[in-house]
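Please examine the sequence and the structure shown below.

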Amino acid sequence: MKQPFGHHRIFNSFRIIVLGFAAVILTGALLLMLPISSAQRTVTPFLDALFTSTTSVCVTGLVVRDTGTYWSLFGQVIILILIQIGGLGVITVAASFTMLSGKKIGLMQRSTMQEAVAAPKMSGIVRLTGFVIKATIIFELAGAVVMATVFCPDFGLLKGIWMSVFHSVSAFCNAGIDLMGVRGEYSSLTSYSAQPVINITVMMLIIIGGIGFLTWDDIRTNKYHVRRYRMQSKIILSVTLLLIILPAAFFYFHEFSYLEGGERILSSAFQSVTPRTAGFNTVDLTSMSGAAQAMIILLMLIGGSPGSTAGGMKTTTFAVIIATTVSVLRRKEDTGFFGRRIDPSIIRNAVTILVMYLVLFFGGALVISVWENIPLSACLYETASAIGTVGLSLGITPGLGILSRCILIALMFFGRVGGITIIYAAVSENGKKLSKLPQEKITVG
């Protein structure tokens, strides 16, 4: 039976995800505009509220108002809720409420849930979603309890608990939004650079939140039997480990020689972990060398893993690009990992994602640089942070004009929802053709 006109356009899973994120962002912006949301009880300009809502839902961390000093407790609670929704995903949160209400989840909802968490198949998606919600609560609660041992003595019992909960959720969701403005505006965690409990807890939450829900499921199911893991989980864990160790070694030997002992180790490790979409920092980013800033830009663009709280191109995309390059150089026909061959369509998707990220990352920076008359290097840092949903900044974001802020908002949305998702949402499924054009070879390289 022929589908009615516009059926696919309305009920496409990708469009539901895109519109879901957009609706939450707009609702958050309207709530943050209310006088009760600001510490001074004034109406926040719409663009500032929209930017803050976008950076919260897209778990980015770039801010135009210091979170700890500008927003009231009500405003901070709204921001935390937006971070939690954005970290887990709008569809996952909506599905959890449906499950709690006891309502039956239909086929269309299951399909959308599958796309939201990047699951390979639809079967077991409800069980996986339930596991994700439970694990998130456990990890965030554990992180808050550990950090409370430091924050409660520093800020008092009630405020210390609030600081612990906020930073635990922000770290697990890879948001990087903090309340440390009370120690100095936009200071992030620099006052705790030598504090091992805060450093290690935040790093662990970032890593756990960034490796992906399917990887958690593999670890839970197969425990220490790594050979039984999905190929994707093996790739994610291997690449994540390399992207922590190698940059940390670079920072330790090249960048932080002026630090001593444990602080040098903590700072090197923290600055290796946080660029992959978390956004906290424990050192002054503006004082870092050009090479270190370039390293951070690369890490920000790579980001976390599919189906996680993190953004960026994803570790799997990076792995596929590198493996494909190696295969071409070795004149091998196929690209594979761990004794398994990957489908050519995966390679096409990886290349497409890489090109989209590079074009938007560089193009956005170029426009901001020309419009604001700011050095291109600083703009590249901000746009990498936005599209990678990281939140690290060289301090130029709060002073940007309307056009530049709109560009960053668009990049944050693109980075969180995903380029492929947005394109599939925009392109009609009815335009597929069965015929193929004649083939002819060209020379590249």
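## Arg183 and Asp154

Arg183 counts as partly exposed, at a relative accessibility of 39%; buried means under 20% relative accessible area, exposed over 50%, and partly exposed in between, with a 1.4 Å probe and protein chains only. Asp154 likewise counts as partly exposed, at 39% relative accessibility. The side chains of Arg183 and Asp154 meet in a salt bridge, at 3.8 Å from N to O; a salt bridge is a side-chain nitrogen of Lys or Arg within 4 Å of a carboxyl oxygen of Asp or Glu. Arg183 lies in the loop between α9 (157-172) and α10 (196-210), and Asp154 in helix α8 (residues 125-155), so the pair ties together parts that are 29 residues apart in sequence. Helices (H or I, at least four residues) and strands (E, at least two) are DSSP runs, numbered from the N terminus.

## Basis of the model

This is a predicted model, in which local features need pLDDT of at least 70 and side-chain atom pairs count only at pLDDT 80 or more, while totals for chains, interfaces and linings use all residues. Residues are numbered from 1 along each chain as its sequence is written, and side-chain values use heavy atoms, with hydrogens and water left out.

## Other salt bridges

Side chains of opposite charge can pair when their charged atoms come close. The structure holds 6 salt bridges. One of them joins Arg65 to Asp48, with the closest N and O atoms 2.8 Å apart. Arg65 lies in the loop between α3 (46-57) and α4 (67-70), whereas Asp48 belongs to helix α3, so this pair ties together parts that are 17 residues apart in sequence. Arg65 is partly exposed, with a relative accessible area of 26%, while Asp48 is buried, with a relative accessible area of 8%.

Asp217 forms a salt bridge with Arg220, and the closest N and O atoms are 3.0 Å apart. These two residues are 3 residues apart in helix α11 (residues 213-222) and are separated by about one helical turn. Asp217 counts as buried, at 5% relative accessibility, whereas Arg220 is partly exposed, with a relative accessible area of 35%. Salt bridges that share partners join Asp217, Asp218, Arg220 and Arg230 into one network.

## Helices α11 and α12

Two packed helices are described by the angle between their axes and the distance between the axes. The axes of α11 and helix α12 (residues 231-255) come within 9 Å and cross at roughly 105 degrees. Axes are lines fitted to C-alpha atoms, for helices over the stretch in contact, and angles run from 0 to 180 degrees between N-to-C directions.

Leu214, Thr215 and Asp218 of α11 make the contact with Gln232, Ser233, Ile236 and Leu237 of α12, where contact means heavy atoms within 4.5 Å. The residues of this contact divide into 3 nonpolar, 3 polar and 1 charged. Ala, Val, Leu, Ile, Met, Phe, Trp, Tyr, Cys and Pro count as nonpolar, Asp, Glu, Lys and Arg as charged, and the others, Gly among them, as polar.

## Helices α16 and α17

The axes of helix α16 (residues 344-372) and helix α17 (residues 376-387) come within 8 Å and cross at roughly 135 degrees. The two helices are therefore oblique to each other. In α16, Tyr357, Leu360, Phe361, Phe362, Gly364, Ala365, Leu366, Ile368 and Ser369 meet Leu376, Cys379, Leu380, Thr383, Ala384 and Ile387 in α17. The residues of the contact between α16 and α17 divide into 12 nonpolar, 3 polar and no charged.

## Residues with positive phi

Most residues other than glycine have a negative phi, and most peptide bonds are trans. Val59, which is not a glycine, has a positive phi near 40 degrees. Val59 lies in the loop between α3 and α4 and counts as buried, at 0% relative accessibility.

Asn174 also is not a glycine, and its phi is positive at about 60 degrees. Asn174 is found in the loop between α9 and α10 and counts as buried, at 1% relative accessibility.

## Thr317 in helix α15

Thr317 lies in helix α15 (residues 315-329) and is buried, with a relative accessible area of 8%. Residues up to four places away in sequence not being counted, Thr317 touches Ala350 and Ile353.

Conventions:
Angles under 35 degrees count as roughly parallel, over 145 as roughly antiparallel, 65 to 115 as roughly perpendicular and the rest as oblique.
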